[in-house]
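Q: Hey, could you walk me through this model? I'd like to start with the strands and then look at a side chain.

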Amino acid sequence: MRIVSLLASGTEIVCGLGLGKQLVGISHECDFPPEALDKPRVSRPRFNPDGMASAEIDGSVRAAMAQYGSVYELDAALLKDLRPDLVLSQAVCDVCAVPTSLAQEGVAALDGAATVLSLDAHDVGGVLTTIERVAAAAGAGERAERYLASLTARISAVAAFTAGARRPTVLAVEWLAPPFVPGHWTPEMIEIAGGECLRGETGRPSREVTWEELRKLDPEVLLIMPCGYGLEQARVDADHAAERLTAVAPAAVETGRAFVLDGSSYFNRSGPRIVDGIEILATLLHPERFPDYDVSGCAETWRPTAPSNG
């Protein structure tokens, strides 16, 4: 079985199942686990986001979608040389990763037959189901049972530890220019971790909102987790929008309960590390119940240091 993964969560699933040796190609965005990163990269974005502010990225994404119908392109020659049997893609978000439609176009041009498996999770249960589907397609059902049992046990442990605790109100922001609140699995992650998610619906797409709408909420906890950004990038983005973030969450900022998070690794992807994300959230929301969980490198308290109109 030769596997090409066109999304980061797919690569993490394949390696989590112990199928890394069968992985022959990955996407441009795949950055975990380290042992997979020497594989050939089959996709690339149509613009270089390095050094761009959030608003500039948003504009470039909209322009690429209008001109090409996709933010990404495939290296057709490389895909042909890799001779995949299985290609992993997704149809949840055309902006976040290579869409299934583009993967199907690439596979259609191959000489041999290859299966495109679209991993389209919309909630936590759906993420676990995608692991089962990858395992079934790769003939690794027994490995999936053990792996899923471990992930499910960790989720259940968090739910048990937060049971009966008072739920703080939480505002999560998944993009800042313009502001987006999260959908799909992220609101459910917050609920499992013992919080009350004020905006964003489980199983529904992330959606654009206005700063004026958010200003009415004044949550107890503010989570800043820009899509595709690591911790350092999230901090820079938050500083750029400091004035607006402080206006929508004054209590959270004042009490030290505003946080920047590594959204790319633990929240934006429909892969196994959402379980780590749930544990991180539980630690931030209920530190008295998770005193030994180390969130360094994953999340940190944010205080405005360079306010602007962002």
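Q: In what sense do strand 7 and strand 12 pair, and over how many bridges?
A: Keep in mind that this is a predicted model. Strand 7 and strand 12 (residues 221-224) pair in the parallel sense, over 4 bridges. Within that pairing, Val-173 stands opposite Ile-224.

Q: And how does strand 7 pair with strand 10?
A: That pairing is parallel too, over 2 bridges.

Q: Which residues cover the two faces of strand 7?
A: One side has Thr-169, Leu-171 and Val-173, the other has Val-170 and Ala-172, and all of them are buried. With 5 of its 5 residues buried, strand 7 is therefore largely enclosed by the rest of the structure.

Q: Switching topic: where is Asp-239 found?
A: Asp-239 sits in helix 9, which runs over residues 231-240.

Q: Is Asp-239 buried or exposed, and which opposite charge is nearest?
A: Asp-239 is buried and has no salt bridge. The nearest side chain of opposite charge is Arg-235, 6.1 Å away.

Q: What does the side chain of Asp-239 make a polar contact with, then?
A: With the side chain of Trp-302, at 2.8 Å.

Q: Zooming out, how many helices and strands does the protein have?
A: There are 13 helices and 14 strands. Of the 310 residues, 52% count as buried.

Methods
Residues are numbered from 1 along each chain as its sequence is written. This is a predicted model: local features need pLDDT of at least 70, side-chain atom pairs count only at pLDDT 80 or more; totals for chains, interfaces and linings use all residues. Side-chain values use heavy atoms; hydrogens and water are left out. Buried means under 20% relative accessible area, exposed over 50%, partly exposed in between (1.4 Å probe, protein chains only). Lys and Arg count as positive and Asp and Glu as negative; His and the chain ends are not counted. A salt bridge is a side-chain nitrogen of Lys or Arg within 4 Å of a carboxyl oxygen of Asp or Glu. A polar contact is a pair of N or O atoms within 3.5 Å; within protein, one must be able to donate a hydrogen and the other to accept it, and residues adjacent in sequence count only if both atoms are side-chain atoms. Two strands pair if DSSP finds at least two bridges between them.
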